[in-house]
Each structure stands twice: as C-alpha cells, then as structure tokens.
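Hi,

Here is the structure I promised to pass on. Have a look at it first, then read my notes below.

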Amino acid sequence: MSARSKERWRQRLREMASYREVLLRFPVVIAWLMAATFVANLLIEEIGPADATWRVLVGLACAAAAALSATLGFEAVTRRREVIGPRGRQLAAAIAGACGFCLVWFQDALHTSTWLLAFALVALIPVAPYLAGGSGEAFRGLLGRLTFALLLSAIGWSLLGGGISLVLVSLNLLFGLEVPFELYAHLAAMTALLLAPLFWLALIPRRFDLAADCRLDTLSARAVSVLGEWVAAPLILVYAVILHVYAAKCLLVGALPSGQSGWLVSGFGICLVTVLVICRPFMRETRVLTGAFLRYWPWLLPVPLLLLTMAVTLRIGAYGVTPERYLLAALALVLAIIAALQSFPRWRGDIRPMAAIPVLAMLLASFGPQGAEWTSIRSQSERFLAIVEQPARNPQQAGEALAALGYLRNVDALARAAPAGAKLSNDTSSNGTSSSEEAPSLETVARAWGLEPSTVGGAGSGSPYFSRVYSGAAGIALEGFDLLLSGVDVSAGRVAEVPLPSGQVLRLQLEGRALRISSANTTSRFDLPPEVTAISSGPDSEPELITLRQDGVRLGLVLETVSGSHNPEPTLDHLSATILVNAKEWR
C-alpha cells in the first residue's frame, strides 16, 4: 500500500472518529433526533392521525433542543468545577428532553404556547453554558461559532438534499424511471432532521472559553463593529429621540399613549438588546456617538418603558389580558431588569444577562399557570363573567362579552364561562340524541347567559370579524358643519390624506376602534360609538349622521362601509365614509 493510500485511510479513520465522538458526546440528543426523523417519515406516509403525529414530531424536536441545552450547560459546569460525570450529564439531558416533550404533548392541559416554547428552547442553546459562569466575551464567541456552524449545516443540507434530488430527477427525465413524490419528502426529512443537525453538532466546540473570538483584528469582527457603530447605534438613538418627543407631546396635550405605541416601544427594546448582545463586544468607545450610546443606553429606557407600561395597562384594564399584551408586559419587565442590572458593577456591560433573562422569560411564559395562554384564559373568563353577571348591559358590553367568549372558544376553554350547574346541550345529532357530552359551543354558552351570538361580529358562525354596509338614499342635516369630505377611504396600517380647499392636508388613520385625524397644527382621536362595531354583519343599514366630539373639536361621519374584528376587542380594519368638519378647527 502506497504512502498516499495510507494517508487517505488515516484521514477517513479520523473523520469516522470525529463522528464517533459526536455520538458519544450527544447520545440523548441524537436519539431524540432519530425519533423525530422516524415520526416525520410516518407523517409523510400518512400513518396514524395527522394531528397527533404532528404534535409528537414537534414534541420530539423540542425535546432534542432541551436535551442539547442541558448537555452543554452541564458540560460547562463540569469544566469549571468537575462535579458531574458523563452519565450525570446524559441523565440530565434525558430528563430535560422528556420535559420538553411533555410540555408539547400535554399542551391542552398545560396551555402551552408551542411556538413560544420552541423559540425559547432554541434560544436557550447558546445561553445554557453561561448560566452558571463564564464571561460575556466567551458567550459572544460561542454564539458566533454556533451561527457559523448553522450556516455550514444549512449549506450542507441544501447540497446533499438538492444533489440527491437532482440525481433522481435526472433518472426520471433521461431514463423514464418513475420516482414517487414521497421519496423526495423522505429525503428532505432525513437530511433536515438528522443529517444536518449531526453535522452542526460536530461543529460545536468543546471549550466554552472563547473570548479570543471577539478580537477586533478579524474580518468578521470588523464587519460587526462597523454595523454596530455606523448603523445600529445611530438608528437606535434616533428611535429613542422620537419616543421621547412623543412622550413629551402626550404630556403637553394631556393625552394617553395610543395602543400602537406599545408595539413601537417593544420594537425599540428588542432592537436595543439585540444590538448590545451581538455588537457590544466589537464596538469601540473611542467614537463619540458610539461611546455615548454604550455609556448611556440604560437611560434611554425609562421613558419608553413608561409609555409601554401605560399603553399595556390601559388595554388590559379595558379589554383584559391576551397573549400579546402578556408578552408586552413581560418585555417591559425584562427591559426594566436589564436596565436595573447596569447599576451593579459586576453586571454592567455583561451581555450574558441581556440574553439569558429574555430567554428564561419566554420559557416561563410558554406554559403553565404563569404562562401567557393560561393567564389570558383566566383574565378573559373573569372579564366575561363580570359583564354577564350584571343585571343590565349595553350593546358595547355585550359585544365585549362575546369577544371574550370568542377567545375562550379559540383556546378550547368555553367550559370556564358556562353557568354553574347549567346543563348545556349543543345541537342534536341526526339520530335525535343530544351531544351534550361534548364541549359546549359558543352559541350554547352565550344563550345560557342571555346573549345573542348573532349580534356581534358573526360570533354565532365562529367568525371573529364584523362588517356593515350603510346604503340607500337619505337626507342628512349638516348641523353646523361647513366642509364636506367625500369618498374618504381608510384602511388599518395606512394613512389616508385628504386635501382641503385651503391647501392644507388632513391625515386620517385607524387606531383600534378610533379614527385619528391630524393636520399641521391639530390632532384629535375620535372613538367610534359602540353600535358601529357591536352590531353584526347583516342587512344593510340606512345612512345617518354620527357626530363625535373630542377636545372641543366636532366631527361628522356618514358611514358607507365599516369592517373589523372582535378578537378580543373591537378593532377597525377598514372604513369608508363621508366626513363633515369645521374648517376653522383644522387650521
């Protein structure tokens, strides 16, 4: 055997030894991945009920992510303190994987938000080795290594899967060999769930002291430095100025923050934390703007957090907790904790808690009584009962009650809103027997409380949407208005501009159940009356003049069409109308 052949065999043996090392290092993770691959192939062949099979597949994927986080976390602890052996690490990985699977399999009982759980478990992988020690620079080094390994794995998955698929397509086109579509699906499942993850696992470093990866003399580090110093930091500072100006405006005019301000502040907070985690080790304080950003960024948060807290508190007080509002409130708490940690010298500038606290918060919010869905169910059921137990209720309250009931239906929690001791029966089946043993329907629960489900947003048909058409000829008194704006059409998320004879422009925008109108010097927000959104889709209504007042400004509406949703509170998606104003109030 020639020397070249011997060297080639040695190289093959070294490659086999590296994969054997992966199998010995992550046996539990690989076992979960193999099980997930097997279940995916069952799903492709349509063996077993699809819903249960999908749940098992997602559960196994979450189990693999949880097991990997546990393995890396205990490996890091072992390297620092030598207290846990290999068997202990694998046992911990098996327990973590079983917990991840159970959270998905029992998601109905635990009210698990599967997408939030999966995202939290994936984000926990790079964080886990540094929960009990290490440094921010080392964490950033591992994050870079894992990201690069993921990119290589994705390229390998594309080349392997695409290459084999190309061979099969060539056999079909050139030789007429029939290749069933399921074979491509099996190939994609095998490469995506097993082969690509194995390649990624092989690239995970054994050492977690990777601070040297944050040196500024590497090309990638310089690129991240430029991104942070010249793009991210200036944009975040501009964003902060805008939010502070908006807060000052609210204070001067005595207005409350709009509902959309909560999402704007949440975007600001997420961008800020992301930039600090990714770019902070590479940003230099020698530049004036960058140095000011790195030194004073905690002081950018109090005012936006106050806006976020006020907006979420107002919406929760009016319409109860929903998963979205829960996550906004949790984000406000996370940002407050991160900012408060900067007052302690030990944690100042450390990016580990900036990454770990949001990940742990998502993990806690994804399941259980403290989670987003379970808390929302409690809030909406209490809100529903508080409304329906009143001796008298107006159309707006009835609409809010049915909106809360619609949310409970969507999460299979209608039983919480059923009257105590009442026997609720759904429609009878074809053989005349009652289906009362099944879960009650929205119509059944609503009528048990004296509500008519057809009066709000088509709730009786299971739709959370409403729409109204106002048609017919009608004479309408102008009632003191001197300017008519015809053909006004406004959609959610867009600003409609209407020119005035004076040359000024009115800008109209939908915000929840309100119409926001602004000119160069005046801004007013008009809440539409409850009957506009509380009355369901149905026969056309006759046009009529609706007069609204806000801060001394009058507005007349002659509606043509209006539509939106009732899940969980009335929200306008579209409005077309003729609008009456007094020109002097908008100069």
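Axes are lines fitted to C-alpha atoms, for helices over the stretch in contact, with angles from 0 to 180 degrees between N-to-C directions. Helices are DSSP runs (H or I, at least four residues), numbered from the N terminus.

This is a predicted model, where local features need pLDDT of at least 70 and side-chain atom pairs count only at pLDDT 80 or more, while totals for chains, interfaces and linings use all residues. Residues are numbered from 1 along each chain as its sequence is written, and side-chain values use heavy atoms, leaving out hydrogens and water.

Now the helix pair. The axes of α7 (residues 136-175) and α8 (residues 181-202) come within 9 Å and cross at roughly 150 degrees, so α7 and α8 are roughly antiparallel to each other.

Of its 95 residues, F26, L68, L201, F293 and W297 touch the most other members. Helix α3 (residues 50-81) gives the most, with 12 residues.

Finally, E46 has a positive phi of about 60 degrees although it is not a glycine. E46 sits in the loop between α2 (27-44) and α3 and counts as exposed, at 69% relative accessibility.

Cheers

Methods:
A nonpolar core is a set of buried Ala, Val, Leu, Ile, Met, Phe, Trp, Tyr and Cys residues joined through side-chain atoms within 4.5 Å. Buried means under 20% relative accessible area, exposed over 50%, partly exposed in between (1.4 Å probe, protein chains only). Helices (H or I, at least four residues) and strands (E, at least two) are DSSP runs, numbered from the N terminus. Angles under 35 degrees count as roughly parallel, over 145 as roughly antiparallel, 65 to 115 as roughly perpendicular and the rest as oblique.
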